Amino acid sequence: MKRSDINRIMAEASELIARHGFTLPPFARWTPQEFRARRSKARHIIESRCGWDVTDYGAGRFEEMGLFLFTLRNGRLADLTAGRGMCYAEKLLITRERQLSPMHTHVLKAEDIINRGGATLVVELFGSDEAGRFSADAGGRVMCDGIERAFGPGERLRLAPGESVTLMPGDWHAFWAEGGDVLVGEVSTVNDDEEDNIFREPIGRFSTIEEDVEPTHLLVSDYAHWLA
């Protein structure tokens with residue numbers, strides 16, 4: 001992805017988030033220079049990879065397959081292992097109409113996917129085989145706003161604003177917006193985007209960036225280079 005496109009997507013996302021009544025935390029407004037100057041005090045933000053995230057899954061077709069994310073808070077894997085402490089994470093996502101977030105699951109993370117506003121969020125579901133691998137023949141059970149329900153292989157949930165689904169490790173899922181863009185909330189156990197995303201197809205989680213302009217804000221994938 002070109003950095004100029006990422007800057008534009010960030011600006012558009014900020015406007016959509018504000019229209020739905022959400023305000024991003026102060027560090028969302030930091031320039032790369034401000035982030036570098038504050039990196040010592042912002043150690044938790046950096047280490048837990050909170051912040052801006054724009055991905056085309058390495059395919060170079062963001063409008064067709066991509067996602068905007070902002071990690072608002074994220075806990076520690078050590079706390080999750082210990083069973084106490086900061087074991088949670090929260091994100092805001094934006095999925096555009098017909099923009100696919102491809103089929104994947106998680107080994108550790110349980111998550112609530114919430115339609116925070118906009119159009120309809122479509123979530124396609126499959127179950128796992130005995131080894132936790134994708135199964136085209138398997139269904140399962142999920143919670144929709146606290147109500148348990150069964151799903152068949154390939155079943156599509158259509159979530160209106162305010163509705164949600166709870167997904168457990170081994171619940172394979174893809175999602176996209178229908179009828180317009182959707183602001184999505186994600187509340188989960190600790191999030192590890194580097195190791196805990198298992199995709200059905202061999203694709204990448206992060207984008208390769210063409211630096212045609214300076215970044216407006218750093219992506220979480222920029223931290224290792226820019227803040228070293």
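## Strand pairing

Strand β6 (residues 140–144) and strand β7 (residues 147–151) run antiparallel and are joined by 5 bridges; two strands count as paired if DSSP finds at least two bridges between them. Helices (H or I, at least four residues) and strands (E, at least two) are DSSP runs, numbered from the N terminus. Gly140 has Phe151 in β7 as its bridge partner. The two strands form a hairpin with 2 residues between them, and Asp145 in the turn has a positive phi of about 55°.

This is a predicted model, in which local features need pLDDT of at least 70 and side-chain atom pairs count only at pLDDT 80 or more, while totals for chains, interfaces and linings use all residues. Residues are numbered from 1 along each chain as its sequence is written, and side-chain values use heavy atoms, with hydrogens and water left out.

## Nonpolar cores

The largest nonpolar core has 31 residues, and Phe35 and Phe68 have the most contacts inside it. A nonpolar core is a set of buried Ala, Val, Leu, Ile, Met, Phe, Trp, Tyr and Cys residues joined through side-chain atoms within 4.5 Å. Buried means under 20% relative accessible area, exposed over 50%, and partly exposed in between (1.4 Å probe, protein chains only). Two or more residues each come from α1 (3–19), α3 (43–47), β1 (51–55), β2 (67–74), β3 (88–95) and α5 (223–226). Helix α1 gives the largest share, 6 residues.

Leaving aside residues up to four places away in sequence, Phe68 touches Ile9, Ala13, Ile17, Trp52, Asp53, Val54, Leu92, Leu93 and Ile94; contact here means heavy atoms within 4.5 Å.

## Salt bridges

The structure holds 23 salt bridges, each defined as a side-chain nitrogen of Lys or Arg within 4 Å of a carboxyl oxygen of Asp or Glu. One of them joins Arg8 to Glu12, with the closest N and O atoms 3.4 Å apart. Both residues lie in helix α1, 4 residues apart, or about one turn of the helix. Arg8 counts as partly exposed because its relative accessibility is 35%.

Glu12 also meets Arg96 in a salt bridge (2.8 Å, N to O). This pair links distant parts of the chain, 84 residues apart: Glu12 is in helix α1, and Arg96 is in the loop between β3 and β4 (101–105). Arg96 has a relative accessible area of 16% and is therefore buried, whereas Glu12, at 35%, is partly exposed.
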